[in-house]
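Please consult the sequence and structure shown here while reading.

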Number of protein chains: 2
Amino acid sequence: MSELVKNAVGRLVPTEINGEPAIPFMGIGKYKPEGRRFAPKISSNSDFPLDGNKQVADLKEALVKAGLKDGMTISSHHHFRNGDLIMNQVFDIAKDLGVKNLRWFPSASFPCHAHLIQYLEDGTIQRIEGSMNGPLGKFTSQGKMNGTAILRSHGGRYQAVQDGEVQIDIAIIVAGTADMFGNANGVTGASASGLLGFALADSQYSDKVIVVTDNMVPFPCVPWQIQGNYVDYTVVVDKVGDSEKIVSGTTQITKSPDRLLLAEMTAKFCDAAGIIKDGFSFQTGAGGTSLSVSQYFGDIMRERKIKARFARGGSNKYLVEMLEEGLIEYILDGQTFDLEGVRSMRENANHLDTSPFTSYNYHSKGNFAGMVDVVILGATEVDVNFNANVVTHSDGLLMHGIGGWQNCLFSKTVILPLPLFRNRIPVVVDEVTTITGPGELIDVIVTERGIAINPLRTDLIEKAKNSGLPIKTIEELKAEAEKICGIAEKPQFEDKIIAAIKWVDGTIIDVVRKVKQ
Amino acid sequence: MSELVKNAVGRLVPTEINGEPAIPFMGIGKYKPEGRRFAPKISSNSDFPLDGNKQVADLKEALVKAGLKDGMTISSHHHFRNGDLIMNQVFDIAKDLGVKNLRWFPSASFPCHAHLIQYLEDGTIQRIEGSMNGPLGKFTSQGKMNGTAILRSHGGRYQAVQDGEVQIDIAIIVAGTADMFGNANGVTGASASGLLGFALADSQYSDKVIVVTDNMVPFPCVPWQIQGNYVDYTVVVDKVGDSEKIVSGTTQITKSPDRLLLAEMTAKFCDAAGIIKDGFSFQTGAGGTSLSVSQYFGDIMRERKIKARFARGGSNKYLVEMLEEGLIEYILDGQTFDLEGVRSMRENANHLDTSPFTSYNYHSKGNFAGMVDVVILGATEVDVNFNANVVTHSDGLLMHGIGGWQNCLFSKTVILPLPLFRNRIPVVVDEVTTITGPGELIDVIVTERGIAINPLRTDLIEKAKNSGLPIKTIEELKAEAEKICGIAEKPQFEDKIIAAIKWVDGTIIDVVRKVKQ
């Protein structure tokens, strides 16, 4: 590992990762990219079938035709979440073919991909760059992966591909429906998973693109969320994924009275701050608490007879109900979190699919995130400087991806409703284990025992003054937690860096180290 | 002008145009592009307003902020056809600012742009690269433009921008509706003109992008046919264009008995050739004869109770009626030719907007053109080798753009229904004035006095054998025309090349010379 330097949030980060130069985080908006976007090779229609039929016999033939070989970068997207059935097969084929040293570049991996640990062990896969939820994260935290993981936000992943930081050799795009030309979508078919936005960059910038479906329809496949003009090969398989598994444990609304209290306090805070007004916009993350916040928003909107101009999804049945009730004019959706979300996107012209390009890419001419009035997010830890962590647990294990979390921090008001402690371990700490988002972008921490407002947001402090809500300082919250739980033991790490956490602009905001056994 | 070489269709073409190297046409599919797509500069959100509001006071401020200066390339699109109200203003502003030597890169220009002749004369505009319908074409044919015109097909224009042959400094995108972020569409608002597909490349690859609208709505402008993430500035004006003028003289169905006969013969030929079957697809161009062919297709489909999988538009009320009647499953539309087309695209999810990228770009991994079973097109002349001309008239004047015509030649069967003569000048000739499309891609010429099938299409010759249709050789057709009209005088040209005609791959298929006064 290369030399370590202290970055703008005081973390020691390397200037080289996996043999490539890395730029330490310089502060929000400080790093100015130079150069030009990645330029894919120019294709010619004369190298493609004139009748548009790009279908090959099976996944193996597609991979062989795409030139799969040692050291390549294989990308995938996670719309099936824990129900993905294809990527394990892709690496089984790579293993069969004796291919080594691959970089897997998923938008996220899930417990279903624990199957791939054997390939990380035998050298088929050299490293994973992408969110690692669960077993692969744990494996990596134990220092067992050959390369260093790189975690990026959804927007950061788009940025990395667009800017050529990650050059994808073969992209695998798994679609509920496709045509032989490669037009594809995730909203129709028996294996509909919603949209395919996470695969947009992969389709646009990869050298070879393979579309896999279990529902091949005559041209045109409508809507064409992925455009066949970017696609090299199409493949039909029996089943691409388990749609039911796009619902994960974190996308059910909470039934916990504690969390409902958090949600209610959050909604009340938003109301006191004047955020909930006609034409406002909001985004609630995929966590149970966040989801129930939107329910409370709905109650307020109904009462006042106002509506939201738009809600950003992750969509789910709760948000869909609000759309259908007319409380929300548009859902701008990045990821459907249940089958009601899929249905709504298919049927309702006001339920739009978005992509990390439209919503989150920081190396762009703006994106949608900054236009959202309030965003409700989760975190594993937050510190007295309002820095927050979403990737590591209190035991130091890398267990979660960044998702759109970093990107959403650019919304006008960012609120984290968090329990003050989890399993008797305080959530508000002196210093978070891993800085995933800098405190200056995090405005409000709502806990069951009080609400802390970032001192930078004097406007919110002023508005909350006479709200009757329990406004406290973040230090007061920390002290309360410690009074109850004591000071938590810090996780112990070895020196070895097992993962780098990128900021939305591609710079390194923090690293994760191997946990001490 | 540089040295001239004979290209693959025997035309003498330059190897340099406007000081830049030019590649002579090498035959269909023969030129293999090397290199990479054009890579725009990487932007950063930190240089754009966080709340997404990119609106500036007026068009002049937008142009000044975009850095308008001598020698720049200004692009525009032609969805308003002869009803465009913006581009004359843009160059009025350039003139006011004293800017010189601009290249105007429209997807097409119309008679309404005759206003710009003064700027071609005074050096504000150095040259136009784009279809020039009417007065600007005539001006150019008279040798009065400083630079050499370059005409490209719709797909060739996308290709040229994608490949970096034309680098756009400032793109002007005129939209019926937009939001302050720059999301824009052409289907809604009082000045709806349909879609904005011709401006797609401009949005993706230009250095600066300005969206102009007369209907600014709160974010999000839905649908976002143009994505605000590509846009630098937004501007509101009183009126962007006359929607009524998107209907041009060539987009009315013919009432001429001669042309109706041509249309009927064309439909009968298609039927005899087995093309009209359940699930087939077709494209009829914007000409009056072509339009009425689809009416005859409709009659046949109704009778047989079959339907077309899709029709490619240019859409119009006739095609919309067929969609609404259920005769066509999808309209894949590149350009709405009347307000019924606009309405249908707005209301009907099966009426899709396409772009030159999806439909026509030859430097891609295929496009939609090759998947169309039959396409009906016009031409000003066709020769005994089936080469056809769509850009110059029999008097040698450059009066038309290529449009999607060249791109459509890749469809499975290409039919040109043409009167055998116009104004007593034969349409079938020994050699067309300007080769716009090579004969090997043109399958059938239908005239009122007989149908000629390209000898390459032995399959069609076989199928038409017992059809009862008047099948003749192209030489027979020419002889008939000459028997009636005599041999037409050829237009007289000077040596000076006033325009280059590009093939879909960016090579030069022919040139147009200054007409002798």
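## Helix packing in chain B

For the crossing angles below, an axis is a line fitted to C-alpha atoms, taken for helices over the stretch in contact, and the angle runs from 0 to 180 degrees between N-to-C directions. The model is a predicted one. In chain B, helix α7 (residues 257-272) and helix α8 (residues 288-304) have axes that come within 8 Å and cross at roughly 50°. The two helices, α7(B) and α8(B), are therefore oblique to one another. The crossing in which α7(B) passes α8(B) is right-handed.

On the side of α7(B), the contact is formed by Arg259(B), Leu260(B), Leu262(B), Ala263(B), Glu264(B), Thr266(B), Ala267(B) and Asp271(B). Helix α8(B) contributes Gly288(B), Thr289(B), Ser292(B), Val293(B), Tyr296(B), Phe297(B) and Ile300(B). By class, the residues in this contact of α7(B) with α8(B) comprise 8 nonpolar, 4 polar and 3 charged.

## Helix packing in chain A

A further helix pair is found in chain A, where the axes of α9 (residues 317-325) and α10 (residues 339-347) come within 8 Å and cross at roughly 35°. Lys317(A), Val320(A) and Leu323(A) of α9(A) make this contact with Glu340(A), Gly341(A) and Ser344(A) of α10(A). The residues of the contact between α9(A) and α10(A) divide into 2 nonpolar, 2 polar and 2 charged.

## Relation of the two chains

How is chain A laid on chain B? A turn of 180° with a shift of 0.0 Å along the axis superposes chain A on chain B with an RMSD of 0.0 Å. This is the relation of a two-fold axis. The same surface serves both copies, since 100% of the contact residues of chain A recur in chain B. Among the residues of chain A, Ala39(A) comes closest to the rotation axis, with its C-alpha at 2.6 Å.

The contact between the chains takes 49 residues from chain A and 49 residues from chain B. On the side of chain A that touches chain B, β17 (308-315), β18 (328-336) and α11 (356-359) of chain A each supply at least two residues. That side of chain A consists, by class, of 22 nonpolar, 18 polar and 9 charged residues.

## Domains of chain A

Chain A is divided into domain 1 (57-129 + 166-242) and domain 2 (249-490). The C-alpha centres of domain 1 and domain 2 of chain A are 31 Å apart. Their contact draws 13 residues from domain 1 of chain A and 14 residues from domain 2 of chain A. The side of domain 1 that touches domain 2 in chain A has 7 nonpolar and 6 polar residues, and no charged residues.

## Backbone features

Most residues other than glycine have a negative phi, and most peptide bonds are trans. Against this background, the peptide bond from Phe219(A) to Pro220(A) is cis, with omega near 0°. Pro220(A) is located in the loop between β14 (208-213) and β15 (233-236) of chain A. In chain B, the peptide bond from Gly313(B) to Gly314(B) is also cis, with omega near 20°. Gly314(B) belongs to strand β17 (residues 308-315) of chain B.

Where does Asn423(A) lie? Asn423(A) is in the loop between β24 (421-422) and β25 (425-426) of chain A. The phi of Asn423(A) is near 50°, a positive value in a residue other than glycine.

Methods. Residues are numbered from 1 along each chain as its sequence is written. Chains are lettered from A and ligands numbered from 1 in the order in which they are written. This is a predicted model: local features need pLDDT of at least 70, side-chain atom pairs count only at pLDDT 80 or more; totals for chains, interfaces and linings use all residues. Copies are superposed by least squares on the C-alpha atoms of residues with pLDDT of at least 70 in both. Two residues are in contact if their C-beta atoms, placed from the backbone, lie within 7 Å. Helices (H or I, at least four residues) and strands (E, at least two) are DSSP runs, numbered from the N terminus. Ala, Val, Leu, Ile, Met, Phe, Trp, Tyr, Cys and Pro count as nonpolar, Asp, Glu, Lys and Arg as charged, and the others, Gly among them, as polar. Angles under 35 degrees count as roughly parallel, over 145 as roughly antiparallel, 65 to 115 as roughly perpendicular and the rest as oblique. A crossing is left-handed if the near helix is turned anticlockwise from the far one by less than a right angle, and right-handed if clockwise. Domain bounds come from an automatic or database domain assignment.
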